[in-house]
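Please open the structure in a viewer and keep the selection tool at hand. The stops of the tour are given in order.

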Amino acid sequence: MHPFEYARATDADQAVAVVSADPHASFLAGGTTQLDLMKDGVLHPERLIDITRLPLGGITHTDSAIQVGALTTMEELAADPVVRERLPFVREALLFGASTQLRNMATIGGNLLQRARCRYFRDPTVGACNKRNPGSGCAAITGIQRMHAILGTSDHCIALHASDVAVPLAALDAIVHIQGPDGARPIPLTQFYLPPGDTPHIENVLRHGELITAVEIPLLGEGTRSHYLKVRDRVSYEFALTSAGVALAIEDGLIQEARVALGGVGTIPWRAWGAEDVLEGARAGADVFRTAAEAALDGARPLPGTAFKVELAKRTLVRTLETVAGALS
Amino acid sequence: MTTLEAGTIVGAGLDRVDAPLKVTGAAQYPNDFSFPGMAHAALVGSTIAAGRMRGIDVTDALAAPGVLTVITHLTAPKLERGPMTLLGGSPPAPLQDDRVLHYGQHIAIVVAESSEQARHAARLVRVEYEATEAVLDVDDPRAEIVENPWGLDTERGDVNAGFAQSDVVVEGTYTTPDNTNNPLGLMTTIASWHGDALTVHDSTQWPHNVRTSLATIFKVPESGIRVLAPFVGGGFGAGLRVWSHVILTVLAAREVKRPVKLVLTRPEMFTSVGHRPNSVQQIKIGSTRDGDLVAIEHHGISSVAMEDDDYEPVSVGSAVSYACPNVLTVDRQARLNIPCPGSMRAPAEGQGSFALESAIDEVAYAVGMDPLEIRLRNYAEENPVLGLPWSSKALRECYLEGAERFGWSRRTPEPGSMRDGRWLVGYGLAGVSYPFYQVPCQARASVRRDGSAYVRSAATDIGTGTYTVMTQLAAELLGLDVTQVRFDLGDSDMPYSPQAGGSGLTGALANAVHAACRRLVQEFLDVVRDDTESPLRAAALDDVAVTDGRIHRITDPEQGESYVDILARHGLEELSADGRSTPPRSEELGMAIAGAFGAKFVEVRIDPDLGLLRVARVVSAIDGGRILNEKTATSQIVGGTVGGISQAMFEETATDQGTGRIANATFGDYLMPVNADVPDMDTLFVGGPDRATAVGTKGVGEIGLVGLAAAIGNAVFHATGRRIRSLPITIDQLML
Amino acid sequence: MKHAETEARSAGQAPPDVPQVDVTLNVNGTLHRLRLDARVTLLDALRDHLGLTGAQKGCDQGACGACTVMVDGKRVVSCLALAAQYEGREITTVESLSVDGELHPMQAAFARHDAFQCGYCTPGQIMSAVCLIAEGRANSEEDIREFMSGNICRCGAYPNIRAAIREVTTEG
């Protein structure tokens, strides 16, 4: 690790001011991404502002949403009774992510900001990485591809966004609350992330020094059922090869509302708008589920090492839709 | 040879004697040691696979805070290459020239006041390379091929004539990938010089090899070197050789004249301490329509490093597995720009059994015979290469008792015919062996005035249970309670021990401990030979037994006296004796000395839509000869089985084309089973003590792994009708 | 609470030109005042500066669980934690589990069930197992498997680890 100064923030405004003013400063929260990347030599801030003592924890509830402080850990959020009752697929996604130890450390704000798992990004001895060194190329495209994205990729980057919980949050139209030097602003999660395009080093709309303070998660309707399915080689403790987060409201066999997002396949948490269009108003059944899955993977750009993911992602989504519809029937 | 008789201590499932240390965190692994004034080292690895270094700039690294020195090939002294060992040559000495032979080759060592400073400074070393095109694939036509590297190729009968006579011939290419040992303990070396004398804490499986090698490399007397490894955080073969990082740490300590500690990083563990090399195997088996094997031909090629060697005869097991008149086994190695492979749990058999036992399964389906039946039908009653009876072989019992325990008879033969709801169910089996291996070993046993015994040898316990089983064995042989016996190891100042490896240590050491303890009882008899006060006067070793710390005549147990009384009366503080074991030889004994045998039965579940594969049950029936401790031996089999599941379903070290970089050199990316992947298991031991040695063990460290991948692959075929010939078996191969 | 003034040892102490932090760690009920290179992780502080070598380093990347310790009653991987961040938090390591030579029931169960081989992952497994019970996740086989999956055992002692946990759950 590059040497750095450590300071503990006591005030959010001050923390934002300090980091905004210093291009070599970073926030430190749970540390599970930040420290890992510093050890790998990918990140080398000269000043770390520890925000973990700021009053940004806690979960508040309204009838239609919960407001989750950015420092709430994954385990705390999963344990919330309202999440358990009204957002079961959020809870599933949280508990399928990482390990208990990491979930006790990782915060919800940090989870949304986790960096790509791409081993070409995470190894500074690899020269070609547009995310690390803009303009240097992408070694992953010609490298070992299995864990990379097939949706939202570009010729410049195929790195996957590996968050599980961001998948149902994208499906739910969660809102990220951001505090910057000029004040606070809300951003829908579906507009928060930026696909790599030709600027893979810019991953989201946050400006340097802006801080996520809270995530607002709309609750599912009373009759809506949801499920998060994660497909991976191991039974547990592994990033997704493919995953799907689905919430459906069905009345008399007709799908009233569908929220669908995919993980393990996108450069950003992948909201499957096309699948939702197919599903909403349609009669729940195997054919429409398959059609929705085809729509969800529309535009996939697999490489030889990720070719299997196209069909696997479709089957993952179909299975998830079947499970949710089965629970409703 | 006096054979160990059945006792009450040996065999019992005693809790590990080192358990209290391990569960409290008090067991001291090499990286738990610290010394006053200790400095910390970090390595720089090459980022190309082939070529040379045009320049190496250490200016920034040297200027970084806390840095004491940076050693490169430009500043390193000439170092001798380590000696030939039981396991072949030593790895090349590091930093001897500007050439790069593989990715991750250690090209500099940085020493600083703290590990944080050393690691940071290591990133500041700048290297200018002149890369050449690396040879990275065994099928690259530029790769140098080493034919018959160990002289172990076999041929009997005429395979071509055999295939011509066969009703059915199956043929396939099986591939296994590179696997990385990845013991959980990051391998650590701490070196301290005192003049020409040297103390080294090292994560080794073989302290004496470290001592001998360092003496050669640094041209200092072996007698001044002490190597310590009381606890090692696993090895699986990674600690068998004196790798470059050990040498560099010792060199760095000499340079800075302080103790130096180096802890490898996890990524470095993928390039610095060996790995199971990949293999491509062509196998062809001919059979009559009744399932009598007529011919087996097995060709294996494995990768090896450019200027190093490694023992991986993957095909040779096929020569001894079945009674088959025509057999040809051929092994080759391809020299590549890769980090040097080395033994990894069940070397050679781990790969070869996947091909052979999968192909036997193919023959069974081709002739419409139960896979268990075809194995029994072609059972090798004697060693088919030597033409000698086995010193022990209970593989038939393994098959029959294992099948009974597993419920093999419930299997319906047709692939895809068994289901449990959405899940396809498959049964598979494999029958395997791991060859006998033993090399000379020594031990020393003492009984002290207080009646306690101290037994020691410079062996290691890498989790195998050596501390525990040798305590039990010595207690049995000396007629003491286990609480009165202390067995110690992991110190090169103790009597010579070979490596913990090849399932050979328990046998070698047990027979040395046996000899030492017998010799020690003889020493007591010698003391009282002319002692008119002793009821044991003039007794011969064969006339006495030892019970409760007391030597007595067998014919009249009243006639005897305790160790304590003998020592006291003769004014002795203790008596000691040395024992040694030498490996038995098949030719001398007139029997083929057998290793362990095993039959593995596996039930898998497959979700054919999502390609999910789950191992639901495993039954391992093992003939391991005498079992010294049922509990720790079972753990060896369970652990080996987990290694087999891992080989079958998870592990694959991925290499980037061009740079030869390991693309998944972290625990997040290199998959090994977690708790949720591993079912509860059933292990049963059959057979009895082997006839070839006094103690009659056969070693159970490897046999748990051998054949698991084939059994899983066979179960996958039974579930799906899809034959997977490439490991690991993953989701993308199973989406039907 | 004891107040031990443990000074950082000479080994590993950084010279002044690297940013330092003064940090007081509460480990197993004892306060330790340390001056550390800001880069020192909680794991390295425990091992290299406080001599508590029970928690082990298996990957240093948060992926193996060998470094698991408890912070304010919850299990964390101490290798991905900066020591400076944990000032004032209640840190509990494997060294605190046995009292006066009496093994904690989980330690005793691990010994009885041979729930380890090389023993390197064992302190982390035991800390996780103790927390697992406190989390209420030791009541089903499925939960034990899932929520012990953050601790890798390369020796493959998983079935025995589960047996040890089951025994403690049943008896406790």
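Predicted model: local features only at pLDDT ≥ 70, side-chain atom pairs only at ≥ 80, totals over all residues.

Residues are numbered from 1 along each chain as its sequence is written, and chains are lettered from A and ligands numbered from 1 in the order in which they are written.

**Domains of chain B.** Select 19–27 + 439–583 for domain 1, 33–132 + 184–234 + 239–272 for domain 2, and 279–437 + 588–734 for domain 3; such bounds come from an automatic or database domain assignment. The centres of domain 2 and domain 3 of chain B, taken over C-alpha atoms, are 36 Å apart. Their contact takes 19 residues from domain 2 and 20 residues from domain 3 of chain B (two residues are in contact if their C-beta atoms, placed from the backbone, lie within 7 Å).

**Chain B with chain C.** Next, display both chains: 52 residues of chain B are in contact with 52 residues of chain C. On the chain B side, α1 (19–24), α3 (115–122) and α15 (630–649) each supply at least two residues, and α15(B) gives the most, with 8 residues. Helices here are DSSP runs (H or I, at least four residues), numbered from the N terminus.

**Chain A with chain B.** Finally, select chain A, of which 23 residues are in contact with 23 residues of chain B. Helix α12 (residues 307–328) of chain A provides the largest share of the chain A side, 6 residues.
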